[in-house]
Amino acid sequence: MSYAVDRSGHETVNVRAIESLASSYYGKKMNFHRSEKINFKSSVDVSRAWLVDHDRKGITVIAKHHNNNIPKYILPYFNEETLNYNFLMSIRDEFDKFPKLYGNNQCLFVLEDLGKTSQNFKNEMEIMESIARTFSDLHKSTFDKKNLYEISRTYHEIKDDLRDFSNNGQHDQFIQGANILANYVEITTKHSMSRFIKFAMPILEDIRFPGHFESFIHGDMICARQSVYVDGVVKLLDFEHGRFAHSLIDLAVFLIGKIEINTNIDKLHYSHINLSAQLAAIYRKMIQEKSGRVISDTIWNRNLASCFFFQAIILIKTTEMTVGKKKFTSDMIHTLKLIIDRLLECLVDIPAHLELQSMLKDFLGKLGSGPIKLLV
C-alpha cells in the first residue's frame, strides 16, 4: 500500500485507496497531490487531501481511516459512522445538510470537504433558528426511515451496536447515573434513594419507547467541531454517535452539554453551548409545520423534560467514570453542580417531572453546607 507521510514522519492516508474512491465517484482519474492531518487522535486519522485530475483541476476531500492498531472500543464507532453516511446518502434527496460520501472500504471513507465556517451568526436568535432548522429537517426526513436503516445495517453486515454510547449502552448509563445522583440526594436531603429512583425510571421508558418521536439523530452536536455554517445553513459533521433514537435527544445534547477533553492539558471538563432553551420552542414550531404533526403541550413537555433529564444523568455517570484514566479539571461535586444547574435552567417553565425538579432544587440548596462523601 502507498501511504502519505506528514512532516513528523507519521503515515497518514492510504493514497491509492483515496484515489480509487474519488475516481470512482467522479468518473475520471483523480491523482493524489498532498494531505494534511486535521485531528489529534492517533487511532483514527482525519486528513484533508488534495487531488487533481488530468487537466490539473483540483479538489479537496476529507479522508477518515483507521490503522490496524485501532482500540477495540473505537472500531464500532468507525463502523457505525461509515454505515450512517451510507444511510444518509440514500436519503440525500430529502436531507442534504451533511458532506457527501464519495466512497468507503473496510478501514477508510472519503467525504466531501465542506471547508470551514464561511460566516458568523448575527445573533443568538439566528443560531437557534439555524440549528432548529437543521435538526427538524433531519428528524422530519427520517421519522419513517427506520426500516430502511435496518436494511442498510444488514447490507453492511453490522448486527449489534457495540458502541459504549449505543441506545442500550446509554440506557445502562442512565440507570447507573440515576443511582449515583439518588445517593447524593439522599445524603444531603430528606429524600430517599428509592423515592428518587421511583420518579426517575419513567424517564427511561420515555427514551426506550419514543413512539412518534423516533428518528435518526446526530447524537453528538454540541459545538463548532460537529458542524459548519455555510451560506446560512448549518451542516452536520461527524456521525459516529448517529443512530435511531428519541429525536429530542439532539436538542438535549446541544442544550445540556457533554463531557469534553481539553487537549491542551489532557483533562476532561463539562461543557455546554450556553444558549437559551427557547431553541426547543423554535424547533417544535418547525417540526410541526414540516411534518404536519400536532404535538400537545402535555406530550411535548413530558418528552422534552425526559430527554433533558436523560442527558444530564448520563453526564453524571460519565463524570463518575474514569475515562481513559484522565482527570477532570474540577472535582465531582463541582461538576455535578454545574450539570444540575444547567438542567434546571433548561427546565424552567416546563411542567413535567416536577417531583424530580423539586428534589434537585433541594439538593442544590444543600451543596454549600459542607463536604459530601458518596456512600457505596
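How many residues does helix α11 have, and what distance does α11 reach from its first C-alpha to its last? In this predicted model, helix α11 covers residues 354-366, which makes 13 residues, and reaches 19 Å between those two atoms. That span is close to the 18 Å expected at 1.5 Å a residue.

**Helix α11**

- The buried residues of α11 are L356, Q357, M359, L360, F363 and L364.
- Viewed down the axis of α11, these buried residues fall within an arc of 165°, so they line one face of the helix.
- An α-helix has 3.6 residues a turn, so residues three or four places apart point the same way.
- The exposed residues K361 and G365 are carried on the face of α11 turned away from its buried side.
- The cover over the buried residues of α11 includes α5, α6, α9 (297-320) and α10 (332-347).

**The second largest pocket**

- The second largest pocket has a volume of about 400 Å³.
- Its lining consists of 20 residues, and K146, N167, N168, E214 and F244 are those that lie nearest the centre of the pocket.
- At least two lining residues come from each of α4 (146-155), α5 (167-188), α6 (193-208) and β11 (243-246).
- By type, the lining divides into ten charged, five polar and five nonpolar residues.

**Two residues with positive phi**

- R56 lies in the loop between β4 (44-52) and β5 (58-66), and its phi is near 70°, a positive value in a residue other than glycine.
- R56 has a relative accessibility of 60% and therefore counts as exposed, since the cut-off for exposed is over 50%.
- D238 is found in the loop between β10 (233-236) and β11, and it has a positive phi of about 60° although it is not a glycine.
- D238 counts as partly exposed because its relative accessibility is 29%.

**A182 in helix α5**

- A182 is located in helix α5.
- A182 counts as buried because its relative accessibility is 0%, and buried means under 20%.
- Leaving aside residues up to four places away in sequence, A182 touches M193, F196 and I197.
- A182 and S192 are ten residues apart in sequence, and their C-alpha atoms are 7.5 Å apart in space.

Technical notes. Residues numbered from 1 in each chain as written. Predicted model: local features only at pLDDT ≥ 70, side-chain atom pairs only at ≥ 80, totals over all residues. Heavy atoms only, no water. 1 Å grid on protein atoms, 1.4 Å probe; cavity = no way out; pocket = protein on both sides within 12 Å on 5 of 7 lines; lining within 4 Å. Points joined across faces, edges and corners; volume = space filled by probe spheres on them. Helix = DSSP H or I, 4+ residues; strand = E, 2+ residues; numbered from the N terminus. Nonpolar A, V, L, I, M, F, W, Y, C, P; charged D, E, K, R; others polar. Expected span 1.5 Å × (residues − 1). Buried < 20%, exposed > 50% of the residue type's maximum accessible area, 1.4 Å probe, protein only. Arc of directions from axis to C-beta. Contact = heavy atoms within 4.5 Å.
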